[in-house]
Amino acid sequence: MESNLNKVLNMNRQQLSGQLYKYTNVVKGWQYRWFSVDAQGGLLSYFLCEPAGDDSTPQLVGNVPRGQVHLAGAVICPSDEDSKTFTVNCASGDMMKLRAVDARARQEWVDGLRAVVESHSNSTGTALPPRDQLAAHDAFGAARQQLQQTELSNAALARAIENLTGPPSPTDPDLLVLKALSAASTHCLLQCLGLLQRHPTTDLLGPDARLDQSF
C-alpha cells in the first residue's frame, strides 16, 4: 500500500511549498512568508518574500531561509478560531502559528505536513497507537493555544495600565506588581509546558514529540 508520504510526493514531485501568513508576536502580528517543505529531509523552511500581484510565485528576499525546523515528532493542529489557521508544534517547546488563504489550502498543508511527520517519526521509534497519539497531540495543541490567548490578554492588560490617565496612575506600585506578576505567571506556564513535553514519558508520543523554536 502506498505510504502517506509517497502520496504527498506524488502530488508534488519537487517540494510542498506555498504562501502562508505566520504569526510573529503581539506587536508585529501576521507576517507574509513563503514556506517550503523538504519531504525527504523532513524540514520545513520559510523565506522573507514580496507578495505577488497574481497567482505567480512571489519574489523571495535572498536565498537563505529566514527559519527552518525539523518535522520529526511535530504536532500539526488545525485551529478552532477559524477555518484557515493551524499550528506546527516542533521539537523544543514552541510553535509556529500559520494561516492559509482558505480552508481547502489549510487542509492540504495539514495533510501534507502530517504525512511528512509520520514518515520521519516512524523511522526513529515506536509511538503510541494512532488514536492515543492524536488525543495527546490535540491536548498539547489546545494547551498551547490557551497560553497564546493568555499572552494576548497580558498584552492588553499592560496597554490598559500604561494608558491610564487618572488615579490610579500607570506607575502605581500595585499596578506595576500586577503587570509583572501577570507576565511572569504566563512565562512560567509556558516553561512548564515545555518541560512537560520534554519529559521522558513524552517519548510515548513519538521520539521527538516536543516543540521547536519558531523564528
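A residue counts as buried when its relative accessible area is under 20%, as exposed when that value is over 50%, and as partly exposed in between. Tyr32, with a relative accessibility of 12%, is therefore buried. The model discussed here is a predicted one. The protein is made up of four helices and eight strands.

**Overall architecture**

- Read from the N terminus, the order of elements is α-β-β-β-β-β-β-β-β-α-α-α.
- The protein has 215 residues, and 39% of them count as buried.

**Aromatic pairs and a charge over a ring**

- Three aromatic pairs are present in the structure.
- One of these is formed by Tyr21 and Tyr32, with 5.4 Å from centre to centre and 65° between the planes, an edge-to-face arrangement.
- Tyr21 belongs to strand β1 (residues 16-25) and Tyr32 to strand β2 (residues 29-38), so this pair ties together parts that are 11 residues apart in sequence.
- Tyr21 is partly exposed at 38% relative accessibility, whereas Tyr32 is buried at 12%.
- The ring of Tyr23 has the charged end of Lys97 sitting over it, at 5.5 Å from the ring centre.

**Salt bridges**

- The structure contains five salt bridges.
- One of them links Glu81 to Arg99, with 3.8 Å between the closest N and O atoms.
- Glu81 is located in the loop between β6 (75-78) and β7 (85-89), while Arg99 is in strand β8 (residues 95-99), so the pair ties together parts that are 18 residues apart in sequence.
- Both partners are partly exposed: Glu81 has a relative accessibility of 43%, and Arg99 has a relative accessible area of 23%.
- A further salt bridge joins the side chains of Arg104 and Glu108, at 3.6 Å from N to O.
- Arg104 and Glu108 are both in helix α2 (residues 103-122), and they are separated by about one helical turn because they stand four residues apart.
- Both Glu108 and Arg104 are exposed.
- The side chains of Glu162 and Lys179 also form a salt bridge, with an N to O distance of 3.5 Å.
- Glu162 lies in helix α3 (residues 130-162) and Lys179 in helix α4 (residues 173-198), so this bridge ties together parts that are 17 residues apart in sequence.
- Lys179 is partly exposed at 23% relative accessibility, and Glu162 is partly exposed at 48%.
- Through salt bridges that share partners, Glu81, Asp82, Lys97 and Arg99 are joined into one network.

- Ser45 is part of strand β3, which covers residues 43-50.
- The relative accessibility of Ser45 is 7%, so this residue counts as buried.
- The side chain of Ser45 makes a polar contact of 2.8 Å with the side chain of Gln68.
- When neighbours within four places in sequence are set aside, the residues in contact with Ser45 are Trp34, Phe35, Ser36, Pro65, Gly67 and Gln68.

- Asp38 lies in strand β2.
- With a relative accessibility of 30%, Asp38 counts as partly exposed.
- A polar atom of the Asp38 side chain lies 3.3 Å from the backbone nitrogen of Gln40.
- The Asp38 side chain also reaches the backbone nitrogen of Gly41, at a distance of 3.1 Å.
- Asp38 and His70 are 32 residues apart in sequence, and their C-alpha atoms are 9.7 Å apart in space.

Note on methods:
Residues numbered from 1 in each chain as written. Predicted model: local features only at pLDDT ≥ 70, side-chain atom pairs only at ≥ 80, totals over all residues. Heavy atoms only, no water. Helix = DSSP H or I, 4+ residues; strand = E, 2+ residues; numbered from the N terminus. Buried < 20%, exposed > 50% of the residue type's maximum accessible area, 1.4 Å probe, protein only. Polar contact = N/O pair within 3.5 Å; in protein donor to acceptor, adjacent residues only side chain to side chain. Contact = heavy atoms within 4.5 Å. Salt bridge = Lys/Arg side-chain N within 4 Å of Asp/Glu carboxyl O. Phe/Tyr/Trp six-rings, centres within 6.5 Å; stacked < 30°, edge-to-face > 60°. Lys NZ or Arg CZ within 6 Å of the ring centre and 35° of its normal.
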